[in-house]
Every structure is written in structure tokens, then in C-alpha cells.
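Please read them with the coordinates open.

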Amino acid sequence: MINQERIKNLLLELVQIDSHSRKERDVAEFIKRYCEGMGGQVEIDDAGEKVGGNTGNVIARFPGTIPDAPPIMMSAHMDTVVPGEGVRPIVEGDIIRTDGTTVLGGDDKSGCAVIVEVIKCLQEQNIPHAPIEAIFSICEEVGLLGAKNVDVSKLKSKHGIVFDSDDPGFLFTKGPSSNHMEFRVHGLESHAGVAPEEGISAIKIAGEGLAVMNLGRIDQETTANIGQIEGGMATNIIPNLVVLKGEARSHNEQKLEAQTQHMLKCLQDAARRYQVTANGKTTKATIEANIQRDYSSMDVPDSSYVVQLVLQAAKRMGLDVKTMASGGGCDANVFNRKGIECANLGTGMRAIHTVKEWLDVKDMYASAEMTLEIMKLNGELAVSSR
Ligand SMILES: [Zn+2]
């Protein structure tokens, strides 16, 4: 059994430590001290320097009690989205929410709390277990940057669990690839009243491109969005620049590529219709595109060791956990690509990335109980395979 009071208090303590992305130091130091107090060997890696943050990922290694058992990874991220500073958690029965001015940060401090509590229980209750590599990452919310900068050559785990989703009844095993894009529409500046013939409106081109662009849910596997638009200087100036920022995601690489190219082509087709000649010089509208892979898909089969481990542990507890595809990316996408086969288990966080974020502690307890059972079963399997 896990200690419900202790994990709840740990969560409440964690959410009150500010940790916007790139500013996770206070939480990192807290978790480092906590894990050291539990006998973990803890290091903070150099990911922070690489991404311009004030701390790196916390990597805590706990020895196993089963000789030669292969290590297992558990991971959650320490950073929160904005507005996430000065969180004042409000506890109403089993529900924890905020005062409505900030997010709660249960995403993903509930994951951090689950990991710590489970390791504590394994130790206190002398449950035979494999060595554990716990990774508390930075900058998940700004592009999985902490996970991307984990040096996996220093890790021994070949499989693991990421705790970064809502319902503990689901195990996310599939996630999309995502492209991030920035389009710069270049027009030509001119006085709107005196010489409109000599200008090209970048806003009009952007509008025409967007009007024919397929966005939203494209199909079962694919989504697309233009989320930011910026441009123009004054009502009397024909705007020479509009910057559009967006993304496309798909579980299918070809569909992702097709959608990305479609978005670019809509703007290019609109731009092609505009050119002006003034003072003997011809200017054409142009589109400058910066398209980058944000993260790549994950697809862990149900037959894999880690999925079977979770499903069997749940079954032993009389629980029914289902594998699911996610529309989002998380650190698990990155770890899978780095050779650590892992799935993403829910912790009870809800309405994340909003100031209405809340968490039902019963869900977090269930997640921790299940994880304790997972670690127990993992130990048993290591013994029986010797
Ligand atoms: Zn998260």
C-alpha cells in the first residue's frame, strides 16, 4: 500500500514551488534533496545549459535488491506552463484545484510525486525490486527539451514508464509526430492613401492563404493549427510582413508531410498572385518558411515488455487498463526514439494547461498503487527469468 497522506502532502508541496519552463531550479533542488534522503545517487545533468534554463534534468539512481535485475526507468517533468507561479492549491475533499489565477501544475508534479512515493514504499516495505533510474525532466512544455538532452548513454534502462497524462485507467502507447512551422509572408510597404498601387499587402496574402487552408482535424490521425498571427504597423501603411506560426501532427509520417506541404502551398499560391512594378522595379510577394520537426511519433506495441508489465500488474489488482493513442507528444516520444521503450501512464491531472486545472487525489493514489504493483511484478519477472 502507498501512503496516501504522504503523497498528497508531497504533491501540495511541489505545486507551491514555482517552476515555469527553464526556471525549474527550486523544484530540481527539492527533488534532489528528497531523493538523496532516500539513498538515491542523484545528479543534475547539463541539459539546462544547453537549453538556456537555470537547472538540468534530475537523474536519481536507486539500487535494486535483486542481483543482476535490469534497471527500469520512471520519468515525469518538473516544469509547468504559464501562469504557474505563486500557486495556491485549494483542497476540497479529494479534489485539489487552484484559486483560478494559475494552473495547478499537477501536470506534471503528480507524476513526480508518484515516482517518489513508489520508491519510498518499495524501500520501506522491503519489496524486491530492480534498480530504478528516475528522471525528473525540465522543459517538457516547451518542446520536450529536457528529454531531448538526456544523455542516454549514461542510462542502463531499456524500458520504463512516463507519468504524464490524465486518467490512470489508460496507458498511452502511441503518439503523433509533430512539425512546427513559421511562415513569413513578405509584401511591400507603401503609403496606404498616397501610393497604394506601389504596395503589396502581406495581410491580404495571409488571409487568402488561410481561407483555403485545411486546419483542425484533418483525419483520424492528423491535426493542424495556425496558432499565432502577427503583422502590420499602422492603418495607413500597407503591411509588408505577416508572421504565422502553426503546427501539424500525425500518427502517419506521409500524412504529416502532405499536410505540412499543403499549408505552405496555400500561402505560396496566394503570394504568387501579387507583384507590383514601381519606379521600374518589380517586386513579388514571397513566403519564407521555417519548418521544424518538433518531435517524432511513438508506437509501442501491446506485446512489448513494458505494456504487458502494466496490463498484467493492473489485472492482478483487478483493474482494467486500456492502451490508447494520444493526440499529444510527451517525453515518452523522445525516450522511445532514444531506445528506452516506454509508455505514458495517467496520474489524475485534469483540465491541464488552464487555470481551471484540478486533480482528484484518488486517481493519483490509484496511479501510485498500480505503479507499486508494476515495480513488484517487474521484480518478480526478473527473479523468474534468472
Ligand atoms: Zn505534462
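1. The largest pocket has a volume of about 770 Å³. A pocket here is an open set of points on a 1 Å grid over the protein atoms alone, with protein on both sides within 12 Å along at least five of seven lines, and lining residues have an atom within 4 Å of a point. Grid points are joined across faces, edges and corners, and a volume is the space filled by probe spheres set on the points.

2. This is a predicted model, in which local features need pLDDT of at least 70 and side-chain atom pairs count only at pLDDT 80 or more, while totals for chains, interfaces and linings use all residues. Residues are numbered from 1 along each chain as its sequence is written, and side-chain values use heavy atoms, with hydrogens and water left out.

3. The lining of the largest pocket consists of 30 residues, and Glu141, Arg249, Gly328, Gly329 and His353 lie nearest the centre. Strand 14 (241-250) is among the strands that supply at least two lining residues each, along with strand 7, strand 12 (222-231), strand 17 (286-295) and strand 21. The largest share, 4 residues, comes from strand 14. Strands (E, at least two residues) and helices (H or I, at least four) are DSSP runs, numbered from the N terminus. By class, the lining has 8 nonpolar, 12 polar and 10 charged residues. Nonpolar covers Ala, Val, Leu, Ile, Met, Phe, Trp, Tyr, Cys and Pro; charged covers Asp, Glu, Lys and Arg; the others, Gly among them, are polar.

4. The structure also holds 1 cavity of 30 Å³ or more, a cavity being a set of points where a 1.4 Å probe fits but cannot get out. The volume of the largest cavity is about 30 Å³. Its lining includes Phe172, Lys174, Gly175, Met298 and Cys330. Strand 8 (residues 170-175) gives the most to this lining, with 3 residues.

5. His77 lies in strand 3 (residues 72-77) and Asp164 in strand 7 (residues 159-165), so the pair ties together parts that are 87 residues apart in sequence. His77 is buried at 1% relative accessibility, and Asp164 is buried at 11%. Buried means under 20% relative accessible area, exposed over 50%, and partly exposed in between (1.4 Å probe, protein chains only).

6. One runs from Val82 to Pro83, with omega near -10 degrees, and Pro83 sits in the loop between strand 3 and strand 4 (90-92). Another joins Asp107 and Asp108, with omega about 15 degrees; Asp108 belongs to helix 4 (residues 106-124).

7. Leu144, not a glycine, has a positive phi of about 55 degrees and is buried at 2% relative accessibility. Ala351 has phi near 50 degrees and is partly exposed, with a relative accessible area of 38%.
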